[in-house]
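Visitor: I have a model open and some questions about it. Can you walk me through a few things?

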Amino acid sequence: MSDSIFAMKNVSSEEISLKNLSVQFGGVRAVDNFSMTLYPGELVGLIGPNGAGKTTVFNLITNYIKPTSGEIFFMGKSLLGKSPDEICRMGISRTFQNIRLFPQMTAYENVELGLHNVPHYSLLEAFVRTPRARRAEAETRKRALELLEMVNLKDFAGERASSLPYGLQRRLELARAMATSPTLLLLDEPAAGMNEDECNELVKLIRQIHEHMKYTIIMIEHHMNVVMELCKNSRIYVLNLGSLLAVGSPKEIQTNPQVIKAYLGERKHARYNSNAGSQ
Amino acid sequence: MDLFLQQVVSGISIGAIYSLLAVGYALVYSVYNFTNWAFDAFMAFGAFMAFYAISSFFLPFWVAAIISILLAIGMAVSTEKLAYRSLRLRKAPRLFMMISAMGANLAIVNLLNLFFGGQFRRFPVENIGTFSMGQVSVGRMDVLAGIISFGVLGLLWVFLYRTKPGLGIRASSIDILTASLMGINNDAVAFIIFAVTGVLSSVAGIFYGIKYAVYPTMGIVTIKAMIASIVGGLGSLPAAVVGSMLLGILETLVAGYISSTYRDLFSFLFLVIILLFFPNGLMGKSSDEKL
């Protein structure tokens, strides 16, 4: 037993690898033979025109959609056939393109929901309020507030999620995703609908979270300046019509003629700018 | 005036029983968006179990009640496993769930009929009499039914709003998929919800059986609870309680001042009138708090 733990610590193993994933909806191949490998602590971008299959990749990882073929390994274990809650508890957490908070619950409750790793106590203890249950509750409270503070939402803890402005809801979703103590974070268009200032703040926040929490992050994003900035030391995967079009550093991607073609069509190279693809 | 107070007190007691049933419907509806028609069979089942625990095994009332609750939990949870789970896992339309629920209902009621026979039985508890409050004489059993019913509902409230699993259930009632992505186990949620409906149905079944009689189709009274939860606002627990109390009091007033023959007529009339002016029920907001 101790041997295997030792081994796992030493080998810098893959955090997640998608191997030849395909999924077919009727006659449409939403994802076609897609592979991707991330090592612990990496932050990579996943971009592509609308309908390229980016969110489908996330849905495949969280097993909301079953792949037609291919495999997904997370920390060496296959994710196929696992339920979403098992996958969450294995250490994968995500945010959504269209915010999916629990609108009627408070910001605090939204985060509290994901805090599973606090000391466990039984239902009876919760009713009788034993010292153990109270300690666990205090611990939950502390961690929920820490998470809210990390995204600058501590002052809004008691507010209903639905009453928060859009930008704050996005940040709350981020805090909620972190609550489940993930090692892999899937961010689905975190900057959607944000203006330039908000984007810059988000870049700072994501970078902070990435550095402090040592998450591995896959980020889908349409705001090119956000992706290019956050992934400048790593790589970007470009999906088009379900299949991988290119992988590379932001520089390589920006100058890749195939990518430009996919985004803008054949004869419009000249009009490509750093905001291409945002809408 | 005395008759009025008398009927109101009696209405609160029947309203409390309706509340248990209406909350049982609302709880399942709030998470799974289908009406659990098998629920009224759980109620009859619970009443039968308590009845036989007392009449055949000579157990004291409280022991019989606890056994009945445990067996009703078992019945509710196994119905979920057998009749709903595979449909739920395959994301079947809710109509299929409802049809499956109707099937489960028929099966349970007919099994009760087969094993125990369809005759009406008087619930074997001694009459604990009445006491008078001013001019009003109040049945002790009515008071007990009211206290226990609201006690159970109070515990349910504490569970939903003050505990971690309760938070998970509230989250599931808002968005079950996102809840599971946050690590909430859907099967555990289903287990807890159906266990709760088992408790609610059994307690309601026992008190309703004491008030009227125990027979396999006694669960038909849950149609009143359905009316109550629609009047209040479907899928909302507080609304279910408010609707139930209104309906309980209205019914006993009609029975007292007009005629008990017209009681049900007025219940349905009440539903129609409420829906004319409040299509979502009195407190129903289609997208607001569901639990």
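Predicted model: local features only at pLDDT ≥ 70, side-chain atom pairs only at ≥ 80, totals over all residues.

Visitor: How are α6(B) and α8(B) oriented to each other?
Guide: They are roughly perpendicular, a label for angles of 65 to 115 degrees. Helix α6 (residues 164-174) of chain B and helix α8 (residues 186-211) of chain B pack at an angle of about 100°, with axes 10 Å apart. Axes are lines fitted to C-alpha atoms over the stretch in contact, with angles from 0 to 180 degrees between N-to-C directions. Helices (H or I, at least four residues) and strands (E, at least two) are DSSP runs, numbered from the N terminus.

Visitor: Which residues of α6(B) meet α8(B)?
Guide: Pro165(B), Gly168(B), Ile169(B) and Ser172(B) do, against Val189(B), Ile192(B) and Ile193(B); contact means C-beta atoms, placed from the backbone, within 7 Å.

Visitor: What else does chain B have?
Guide: Chain B has 11 helices and two strands. Its C-alpha atoms fill a box of roughly 60 × 50 × 35 Å along the principal axes.

Visitor: Switching to chain A, how many bridges join β1 and β2?
Guide: Seven, between antiparallel strands β1 (residues 16-25) and β2 (residues 28-38) of chain A; pairing takes at least two DSSP bridges. Leu21(A) stands opposite Phe34(A) in β2(A).

Visitor: Where is the positive phi in that hairpin?
Guide: At Gly26(A), near 60°, with two residues between the strands.

Terms used:
Residues numbered from 1 in each chain as written. Chains lettered and ligands numbered in written order. Parallel < 35°, antiparallel > 145°, perpendicular 65-115°, else oblique. Contact = placed C-beta atoms within 7 Å.
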